[in-house]
Amino acid sequence: MDFNPFKILEYFTFGKSRLEKEKEELNNEVNALSGNLIPYTKADSDLLSFACIEKSNRGDTLKGIFVSIYDEPMVAFVAKEFKSNKLKRLMAVNTASHKLFYIKTPKSVQVFFNDQQIGFLTDDYKFYGMKKRLVGRINNGGKGSYSSVIYKDKELGIINDLAFDSPFPKRVFDIINDKLTAEGEIILISMSFYFLVDKFSKS
């Protein structure tokens, strides 16, 4: 794949002010869903489930809240699709203490963590750092399989087989590395949440 993330901005079909307006509206929508989220910490992350409440899929916008295995709200999201052949999707994801934003163009997905860009994702869930180097990936085993989240050749966690339609809340993470660093936690959250919402939007 000819990957050049630094040419991404040329793909926008509308100006910066329009993009900022769309981002603000999306952030307002996700913030409206985030008022009752329980704390999301490294210790609690293994409680996150595939179950989604307050799901709404109207027109080009999908939103909802992923809950814990105890039905507590943990992760709110809003994703908006664009019919432009240049800009494909904007996505906002909140926990009680994290804000993530994703801008998808035909080339890649810009990844922002707490308002700071940390890298890029591709459609097959490869993660590039800001220096254009491939530093992570999600090894997606396909339907019925686990998916492992890799960063700098270390496994950060394992995502269970997707179970959005399970009659009971099923954990998202089968295993999370118990030696996860602060950097590793940021990358795990950033990659996994995009993977989770992207897969949910196709389910």
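This is a predicted model: local features need pLDDT of at least 70, side-chain atom pairs count only at pLDDT 80 or more; totals for chains, interfaces and linings use all residues.

Q: OK, and which ring does Tyr-40 pair with?
A: Tyr-40 pairs with Phe-193: the ring centres are 5.6 Å apart and the planes sit at 85 degrees, so it's edge-to-face.

Q: Where do those two lie in the chain?
A: Tyr-40 is in the loop between α1 (16-32) and β1 (48-58), and Phe-193 is in helix α2. They are 153 residues apart in sequence, so the pair ties those parts together.

Q: Is Phe-193 buried or exposed?
A: Buried, because its relative accessibility is 2%.

Q: What else does Phe-193 touch?
A: Leaving out residues up to four places away in sequence, Phe-193 touches Tyr-40, Leu-48, Val-75, Val-93, Thr-95, Leu-100, Tyr-102 and Leu-188.

Q: How many residues are in the largest nonpolar core?
A: It has 43 residues. Those with the most contacts inside it are Leu-48, Phe-66, Val-93, Tyr-102 and Phe-193.

Q: And which element gives the most to this core?
A: That's α2, with 10 residues. There's also a second, separate core of 15 residues, and Val-78, Phe-82, Ala-92 and Ile-103 are among them.

Q: Let's stay with α2. How many of its residues are buried?
A: 16 of the 20, so α2 is largely enclosed by the rest of the structure.

Q: What about its length, what should α2 span?
A: α2 covers residues 182-201, and at 1.5 Å a residue its 20 residues should span 28 Å. The C-alpha atoms at its ends are 29 Å apart, which agrees.

Q: What about Ser-192, where is that?
A: Ser-192 is in helix α2 too. With a relative accessibility of 4%, Ser-192 counts as buried.

Q: What is Ser-192 in contact with?
A: If you leave aside its neighbours within four places in sequence, Ser-192 is in contact with Val-149, Ile-159 and Phe-173.

Q: Which strands pair up around there?
A: Strand β10 (residues 147-151) and strand β11 (residues 154-159) run antiparallel and are joined by five bridges. In that pairing, Ile-150 stands opposite Glu-155 in β11.

Q: What's between β10 and β11?
A: Two residues, and the strands form a hairpin. Lys-152 in the turn has a positive phi of about 50 degrees.

Q: And what does β11 join to beyond that?
A: Strand β12 (residues 173-176), also antiparallel, through three bridges. There, Gly-157 stands opposite Ile-176 in β12.

Q: What about phi of Tyr-125?
A: Tyr-125 isn't a glycine either, and its phi is positive, about 65 degrees. But Tyr-125 counts as buried, because its relative accessibility is 5%.

Q: Changing topic to rings again: how many aromatic pairs does the structure hold?
A: It holds 10. Phe-193 counts as buried, at 2% relative accessibility. Another is Tyr-125 with Phe-195, again edge-to-face: 4.9 Å centre to centre, with 75 degrees between the planes.

Q: How far apart in the chain are Tyr-125 and Phe-195?
A: 70 residues. Tyr-125 is in the loop between β7 (116-121) and β8 (126-128), and Phe-195 is in helix α2. Phe-195 counts as buried, because its relative accessibility is 1%.

Q: Which residues do ring pairs link into a cluster?
A: Phe-50, Phe-66, Phe-77, Phe-164 and Phe-200. Phe-66 also turned up among those with the most contacts inside the largest core.

Q: Last one: which rings does Lys-23 lie over?
A: Its charged end sits over the ring of Phe-101, 5.7 Å from the centre. Lys-23 also lies over the face of Phe-112, at 5.5 Å from that ring centre.

Conventions
Residues are numbered from 1 along each chain as its sequence is written. Side-chain values use heavy atoms; hydrogens and water are left out. Two strands pair if DSSP finds at least two bridges between them. Helices (H or I, at least four residues) and strands (E, at least two) are DSSP runs, numbered from the N terminus. The expected span of a helix is 1.5 Å times one less than its number of residues. Buried means under 20% relative accessible area, exposed over 50%, partly exposed in between (1.4 Å probe, protein chains only). Rings of Phe, Tyr and Trp (its six-membered ring) pair if their centres lie within 6.5 Å; planes under 30 degrees apart count as stacked, over 60 as edge-to-face and the rest as tilted. A charge sits over a ring if NZ of Lys or CZ of Arg is within 6 Å of the ring centre and within 35 degrees of the ring normal. A nonpolar core is a set of buried Ala, Val, Leu, Ile, Met, Phe, Trp, Tyr and Cys residues joined through side-chain atoms within 4.5 Å. Contact means heavy atoms within 4.5 Å.
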